[in-house]
Amino acid sequence: MQRRAMLLGGATGVLGAGAYLLWQGRTAPVGPQSQAPLTPFGQANAQETTDPADLPEIIEMTKGNPDSAVTLIEYASFTCPHCRNFHLNVYPQLNANYLETGLINFIYREVYFDRYGLWAGMVARCGGPLRYFGIVDLLYQQQAEWTQGSPAEVAESLRRIGRTAGLSNEELDACMTDAAMAEAMIATYEANIAVHDIPGTPAFVLNDELHGNMSYAELQGLLDTALEAAG
């Protein structure tokens, strides 16, 4: 609970050009992070958290075939340059050859090194499962642009990406100021990394075996071997 309180400043606000969560992140992240300082924006009492029983359910974002004997989990941060490179250069081939064809089950799990990554996750989830991966694509494609500037400028850049995906300003305001959702997202993130102690991002868990960042050729070899073993 103390660790969660350190991660989350328990307040939200609408300030300046956009709405953005007020939270406090880790002092020692395990991978690349944005330039955003890991301190609360404004006054927030980090001890005031929601009862876990009252937190909303966090939906697991998946693609491919949920019944496949091969499951690939990706752990990634929206502010991580290496994750951006993977999603621009490797993920399209993974998606075309293994996900859209239904060969494997793919699970995407968000990692939060900083508040900007958390805000991006809130915008991505604002579109629900049907729009989620499309917004993820936009976040990675435009990572160099939306991670720059003041918190208010970053928030407005994220709102612009949300509007591009068809979300209204009202929907975005509601999503970006949802403190209970933010706390639930952080709690889910903490629970996931307690199971998979990832050294950095992107990280991959293929049928319970942890792997680091890799090229498409390396990933293809691992997936084909797993599919062959699964029969």
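Close-up 1. Tyr-132 counts as buried because its relative accessibility is 0% (buried means under 20% relative accessible area, exposed over 50%, partly exposed in between, with a 1.4 Å probe and protein chains only). This is a predicted model, in which local features need pLDDT of at least 70, side-chain atom pairs count only at pLDDT 80 or more, and totals for chains, interfaces and linings use all residues. Residues are numbered from 1 along each chain as its sequence is written, and side-chain values use heavy atoms, with hydrogens and water left out. The structure holds 10 aromatic pairs (rings of Phe, Tyr and Trp, the last by its six-membered ring, pair if their centres lie within 6.5 Å; planes under 30 degrees apart count as stacked, over 60 as edge-to-face and the rest as tilted). Tyr-108 and Phe-133 form an edge-to-face pair, 6.4 Å centre to centre with 80° between the planes. Tyr-108 lies in strand E5 (residues 105-110) and Phe-133 in helix H5, so this pair ties together parts that are 25 residues apart in sequence (helices, H or I of at least four residues, and strands, E of at least two, are DSSP runs numbered from the N terminus). The rings of Tyr-132 and Phe-133 are also edge-to-face, because their centres are 5.1 Å apart and their planes stand at 90°.

**Close-up 2. Phe-133 with a lysine over its face.** Phe-133 counts as buried because its relative accessibility is 11%. Lys-63 lies over the ring face, 5.4 Å from the centre of Phe-133 (a charge sits over a ring if NZ of Lys or CZ of Arg is within 6 Å of the ring centre and within 35 degrees of the ring normal). Look around and you will meet the cluster that ring pairs build, with Phe-78, Tyr-91 and Phe-106 among its members.

**Close-up 3. Gly-128 in helix H5.** Gly-128 has its place in H5 (residues 128-141). Gly-128 is buried, with a relative accessible area of 18%. Met-61 is 67 residues from Gly-128 in sequence, yet their C-alpha atoms are 9.3 Å apart.

**Close-up 4. Strand E4 between its partners.** Five of the six residues of E4 (residues 71-76) are buried. E4 and E5 run parallel, joined by six bridges (two strands pair if DSSP finds at least two bridges between them). Here Ile-73 stands opposite Ile-107 of E5. With strand E6 (residues 203-206), E4 pairs in the antiparallel sense over four bridges, and Leu-72 has Leu-206 as its bridge partner in E6.
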